[in-house]
Amino acid sequence: MKRTVKYMFRSHAVVTDITGNVPRWTKHCLPYAKAERIDVNVGIIISQYYSHFLFFIEVVEFDIHTDLQADYLMEDTSLFLFMMLEGNILFHKHDGEYIAEAKGDVCYATYNRQGLYSFTLPAGRHRLCYIIPRNEWVTKNIGKYPRLQPFLDQMGQDNLPFGHMPSCRIEKGMERSLDKLLGRTEIKDKDLEAALLRDSKRVLYHYQLAVEKKMSARPYLIKENLDQNYRSSDLTNKVLMDRFNITEKTLIETFKAEFGITPHNYLIQLRMQMAKQLLLSKSSSPTEVWQLVGYADFRSFGIQFKKFFGFPPSECI
């Protein structure tokens with residue numbers, strides 16, 4: 001697989017090929033990978049990457065003395081398993097719209113469509129790793145990763161620039177598999193490519209286990225219910241309270257603790273984003289869309305749409 005992520009720095013950057021000569025201060029040294037040192041005005045970045053027929057892997061380590069703001073260009077739409085191993089990073093669209101924040105020992109599946117995106121890192125040391133599996137390979141082996149199926153469907157069907165699955169802690173099983181993947185050498189392994197593929201599959205498998213456990217928890221069941229039933233104008237906190245046999249206080253607190261938003265506001269956000277997609281695709285007119293996203297009448301839909309986006313539905317077509 002080819003490298004689909006191209007880094008773009010906002011100051012002068014000097015890129016040096018250091019394959020076989022990775023500095024000792026780095027946590028990982030991948031003897032089978034290509035390596036680059038990138039010198040920017042705020043510090044040093046070490047990138048090590050390896051291209052396999054069925055996956056692409058990259059490990060990036062930052063040693064920066066002030067905050068770094070940079071961009072990256074996605075040359076192809078790609079599915080990632082992203083792992084923040086140390087430090088923290090903030091992702092956002094090039095226009096500043098928030099995408100996600102990842103802190104140390106956290107992983108999640110995500111995708112980015114072709115386009116320009118940005119990230120911010122605070123001063124200090126940061127380490128991240130990502131694996132991009134070939135989509136056809138994941139689809140062929142989806143029985144082993146059933147939680148990825150709806151996500152792959154979403155990636156193939158919607159027009160959103162990005163999406164991500166639940167973030168999970170990097171537990172011992174994934175940590176061991178990742179250590180093996182990043183520590184393989186051609187000397188120890190007669191068939192390096194087969195060993196690397198086996199290790200990457202184990203990392204994906206451990207994410208599958210972690211996300212299965214997390215999505216069986218109450219906040220994710222509530223979110224799934226909202227995602228499936230947002231078209232119903234009768235969907236309220238009271239309906240959710242009855243379905244999950246909980247108080248309104250518990251409903252709001254557990255959902256907000258996990259997603260940073262109340263169920264009611266999440267439902268508004270979901271309906272608005274789906275309405276905007278329908279309008280931009282020109283598959284429905286404003287006077288039709290309100291019924292498709294769970295509003296009881298066009299007037300209440302129009303008021304909410306303008307409040308959310310700052311312009312009326314008619315300006316979206």
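Reply: A residue is called buried when its relative accessible area is under 20%, exposed when it is over 50%, and partly exposed in between. Please keep in mind that this model is predicted. Take Lys223 as a case: its relative accessibility is 23%, so Lys223 counts as partly exposed.

Me: What is the partner of Lys223 in a salt bridge, and where do the two residues lie?

Reply: The general idea comes first. Side chains of opposite charge can pair when their charged atoms come close. In this structure, the side chains of Asp227 and Lys223 form a salt bridge, with an N to O distance of 3.1 Å. Both residues belong to helix H5, which covers residues 218-229, and they are 4 residues apart, about one turn of the helix. Asp227 is also partly exposed, because its relative accessibility is 27%.

Me: How many salt bridges are counted in the model?

Reply: The count comes to 15 salt bridges. One of them pairs Asp63 with Arg125, whose closest N and O atoms are 3.5 Å apart. Asp63 lies in strand S5 and Arg125 in strand S12 (residues 124-133), so this pair ties together parts that are 62 residues apart in sequence. Asp63 has a relative accessible area of 27% and is therefore partly exposed. Arg125, with 43%, is partly exposed as well.

Me: Which residue meets Arg127 in a salt bridge, and is Arg127 buried or exposed?

Reply: The partner of Arg127 is Glu86, at 3.1 Å from N to O. This pair links distant parts of the chain: Glu86 is in strand S7 (residues 78-86) and Arg127 is in strand S12, 41 residues apart. Arg127 counts as buried because its relative accessibility is 11%. Glu86, by contrast, has a relative accessible area of 33% and is partly exposed.

Me: Which residues are linked in a network of salt bridges?

Reply: Arg3, Glu36 and Glu58 are linked in such a network.

Me: Let us turn to buried residues. What surrounds Ile38, apart from its neighbours within four places in sequence?

Reply: Ile38 lies in strand S3, residues 34-40. With a relative accessible area of 4%, Ile38 is buried. Apart from those sequence neighbours, Ile38 is in contact with Phe9, Ala13, Val14, Val15, Gly43, Ile44 and Ile45.

Me: Where does Val59 lie, and how far in space is Val59 from Ile222?

Reply: Val59 is part of strand S5, residues 55-64. Val59 counts as buried because its relative accessibility is 0%. Its contacts beyond four places in sequence include His28, Leu30, Leu128 and Leu182. Val59 and Ile222 are 163 residues apart in sequence, and 35 Å separates their C-alpha atoms.

Me: What is the phi of Asn245, and is Asn245 buried or exposed?

Reply: Asn245 also has a positive phi, about 50°, although it is not a glycine. The place of Asn245 is in the loop between H6 and helix H7 (248-259). Asn245 counts as exposed because its relative accessibility is 70%.

Key: Residues are numbered from 1 along each chain as its sequence is written. This is a predicted model: local features need pLDDT of at least 70, side-chain atom pairs count only at pLDDT 80 or more; totals for chains, interfaces and linings use all residues. Side-chain values use heavy atoms; hydrogens and water are left out. Buried means under 20% relative accessible area, exposed over 50%, partly exposed in between (1.4 Å probe, protein chains only). Contact means heavy atoms within 4.5 Å. A salt bridge is a side-chain nitrogen of Lys or Arg within 4 Å of a carboxyl oxygen of Asp or Glu.
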